[in-house]
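My notes follow in the order I looked things up.

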Amino acid sequence: MASGSGKDVSGRDASGREGSGKGLVLVVEDEQAIAELVRLYLTRDGYGVHVEHDGDAGLAAARRLRPVACVLDIRLPGTDGTEICRQLRESGDWTPIIFLTARDDEVDRVLGLELGADDYVTKPFSPRELVARVKSVLRRAAGPPDGGRVLRVGEVTLHPQRRSVHIGQTAVSLTPTEFDLLAHLMQKPGRVFTREELLASVWGYAAHGGTRTVDVHVAQIRGKFGDAADVIRTVRGVGYTAND
Ligand code: CA
């Protein structure tokens, strides 16, 4: 079921994670028509695309091909999309992942599972929108543009270039999106950001039908921070700030 096109190889070789090209995107989707549409649009935008139609082959391809991003349908034959994500994260693979969800209530489930998903689109989706999301997660994974400065708020230390976060001496694993959200807040301690501002700055697109994505990611960061969770303070009716 592998696509076998030359783009797979060129995409991968031309741009591993540190590379400057657009790189290879893995698409795991059992509905062939959707998979081909996604392939068409991503290819047109300059990405290499590798398609798999079932979850087991998808997980194997993610490990073998080291794509720059994965687009995962949730319901798949074999290993489902959430399980692929979970297994990648468990093995320390933080490749950006965008889920394709069939229903809105799946979104809550996926985000609530704290799988470390970076984004999602709900079917039916516009292929252009999906391409925009892929660009956005890759931009975030590349780090903030003014990335050199080490940021400290309370016990939390964030190294933009190493993309590491420590509480005291203890390293904390964040997804690329969680990292960028935290970095954005920590760059201006005490400044209150609205959810819309955070969505625009961190996710790179305007709110469409809600800002709960921001709330969910804040909750995930707090969950990982334990006693240091109050580094992100909720300002009721406004948004969030990093406590200074
Ligand atoms: Ca499916």
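This is a predicted model: local features need pLDDT of at least 70, side-chain atom pairs count only at pLDDT 80 or more; totals for chains, interfaces and linings use all residues.

**The four-stranded sheet**

I began with an open sheet of 4 strands, antiparallel in its pairing, with the order β6-β7-β8-β9. β6 (151-153) and β9 (170-172) are the edge strands, each with a single partner strand, so each has one side left without a neighbour in the sheet. I noted an average twist of 25 degrees from one strand to the next.

Next I checked how β6 is held to β7 (residues 156-159): the two run antiparallel and are joined by 3 bridges. Which residue of β7 stands opposite R152? I found T157 there.

**The three-stranded sheet**

I then turned to another open sheet, with 3 strands in the order β10-β12-β11 and antiparallel pairing. At its edges stand β10 (193-194) and β11 (232-235), each with a single partner strand, so one side of each lacks a neighbour in the sheet. Between β11 and β12 (residues 239-242) I found 4 bridges, in the antiparallel sense. For I232, the bridge partner in β12 is A242.

Then I looked for helices on this sheet. α7 packs on it and touches β10, β11 and β12, with its direction at about 70 degrees to that of β12. α9 (residues 212-225) also packs on the sheet, touching β11 and β12, and its direction makes about 145 degrees with that of β11.

**Helix α7**

α7 turned up at the four-stranded sheet too: it lies across β6, β7 and β8 (164-167), at about 110 degrees to β7. I looked up its length: α7 (residues 176-187) has 12 residues and spans 16 Å from first C-alpha to last, close to the 16 Å expected at 1.5 Å a residue.

Is α7 largely enclosed or largely open? I count it as largely enclosed by the rest of the structure, because 11 of its 12 residues are buried.

**Two loop details**

I went through the backbone next. K123 and P124 are joined by a cis peptide bond, with omega about -5 degrees. P124 sits in the loop between β5 (119-122) and α6 (127-141).

I located R66 in the loop between α3 (55-65) and β3 (69-73). R66 counts as partly exposed because its relative accessibility is 45%.

Notes:
Residues are numbered from 1 along each chain as its sequence is written. Side-chain values use heavy atoms; hydrogens and water are left out. The expected span of a helix is 1.5 Å times one less than its number of residues. Buried means under 20% relative accessible area, exposed over 50%, partly exposed in between (1.4 Å probe, protein chains only). Two strands pair if DSSP finds at least two bridges between them. Contact means heavy atoms within 4.5 Å. Axes are lines fitted to C-alpha atoms, for helices over the stretch in contact, and angles run from 0 to 180 degrees between N-to-C directions.
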